[in-house]
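Here are some questions about how terms are applied to this structure. Each answer sets a value against its definition.

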Amino acid sequence: SPDGALHVLIADMKSTAEVKVEHRLQVAFYHLMLDALLASGSVAVTTKRTGILFRPPVDPTLEEEAEVAPLRGAAKTEFGLDGFLLELVADQDAYVQSAHDLVLGTDSTARRVAGTELDTLPYSLSFKCDGCLYTEFCMKWSAEAEDLSLLPYMSGTEKEALRRGGVTTIESLATLKQFTPDASGGKTTDLVPVPGREDQVKRLAATWPVGPRLDELVHRAKSFRRSVKKDGTNALPFIPDKGNSSLPASRPDLNPNLVWLYIDAQHDYLEGRLYLLGALAVACKDGVPVERRAIVRMTDGPPDSGGKERDLFVAWTRDLLKAVLEIAQSAEKPKRAPIHVVFFDRYEQRLMLEGLARNFPAMLERTPPLYDFLTQIAAFDSPIASFLDEEVRTFKNFPMTCQSLQSLATFLKFDWNTPHPFRERFRARLFDYLGKLDIDGVSEWYTKRARFGSTVPAEYAYAAWNLLPVPAIGRGDEFADFRPVTKDLVVAFQQRRLEAMEHVASKVPGNPNTSKTAFTLPEI
């Protein structure tokens, strides 16, 4: 300032629509670093503040706009920026103290971790690993150690409970129980403790949270050993005693003219809106699929306005409902048919519903209230929608660590290279998860990179729009793997993804006890 006082504002920029605790902690670390630098130079500071500069919410409501108005004003005052928000951390001393507790204190978490043997540090593999720079080290180490983290759907809490119970590897878990022979000498689906490990099984069965899942985890360990180690371990391809699927059965005497709707959406996280919507409508006659129609729509550029997303929804919804009416097999006038919607996971449904909610007034004016349709229960015992990842988790015993759409379909012999070589064109961050590893002189396939997510990386869309950053002279092109993709190829790949969903769903037996209520299609 003119009087010689030094006022410091430590801020970081985030491509996010909300400020998180870790963001405030990050600038608290910068605060501590700057304190040390200024103290070493005997520089006096009058005030120090920390803050986060970030994006406003997408299409905010009046209430949201009123809430962020002071943050918008702060961004204008401090940086002269319009269209952005600045949160000045109110209780920055608390975050500075947290930084001490995490790293700098004598009993800090960082010091405790650093002083612990690497092999004993708890960890698990999950969606958070997909974007990590070090995932390949963790995956290789896990494969070499046959760590429990490689089992699908294994949480960190469950893994630590098993480790405390003396089960530290997949082999140890797979050999914890064995199949009981039936009267004819064959095996049943029932498991009993291996002789000599009865007490260990008893302890684990009474341990939270692995107790209720112990048999399931043993089944998964056996499947892993059989598939990856190829040691001849007996394993079931399914998880027994799990009841019935939420996917309906379709046969001549049950839901004979069922219409399947496989739905997928792609999200531009930079703009906070959807840029691609896809659906595959499949109509059955006497329980056999006889007609299908793919409806895929993509914006011509980033969805940087509510109008672009709204137009996408309106056009896609009209085409979808028209297709359902045209292909449905019904002798009644007007046509009547049961409909079942399939998403790959709840994240895909959430993207759809949030997009519909943002555009609800316009959608209500121009097209039917799809939001209500996608969340209603058509009959007392029959939900309108199923989530494929949950069906696979509940009923199937597949050995892959990351059970994404691309890995599941590949395991089930789905051809990803029709009509284009999609595996090669979309290899980066989708099909690059496998590698070869020599373990004890034996070469085996292993999960090289964590690829739990099924969403198409946004870089492919920006490549299709020709909007990827130009590589700097003299430096490598970090987007080289994405650049060859065109909009037509993205649309074609989306259609193939929907067909992959249909392929995976066909491997889960439908519920034979549910008769779905038919909708009068013209009314929809």
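Q: How do you know that helix H3 has close to its expected span?
A: Helix H3 (residues 92-104) has 13 residues and spans 17 Å from first C-alpha to last, close to the expected 18 Å. The expected span is 1.5 Å times one less than the number of residues. Helices are DSSP runs of H or I with at least four residues, and strands are E runs of at least two, numbered from the N terminus. This is a predicted model, where local features need pLDDT of at least 70, side-chain atom pairs count only at pLDDT 80 or more, and totals for chains, interfaces and linings use all residues. Residues are numbered from 1 along each chain as its sequence is written, and side-chain values use heavy atoms, leaving out hydrogens and water.

Q: What puts the buried residues of H3 on the same side?
A: They are Gln92, Tyr95, Val96 and Ala99. They cover an arc of only 105° around the axis, so they lie on the same side of H3. The arc is taken from the directions from the helix axis to the C-beta atoms. Their cover includes H1 and strand S2 (47-54).

Q: Why is Phe431 called buried?
A: Buried means under 20% relative accessible area, exposed over 50%, partly exposed in between (1.4 Å probe, protein chains only). Phe431 has 3%, so Phe431 is buried. Phe431 lies in helix H17 (residues 427-431).

Q: Which residues does Phe431 touch, not counting those up to four places away in sequence?
A: Contact means heavy atoms within 4.5 Å. Phe431 touches Gln406, Thr410, Trp416, Phe422, Arg423, Phe426 and Phe493.
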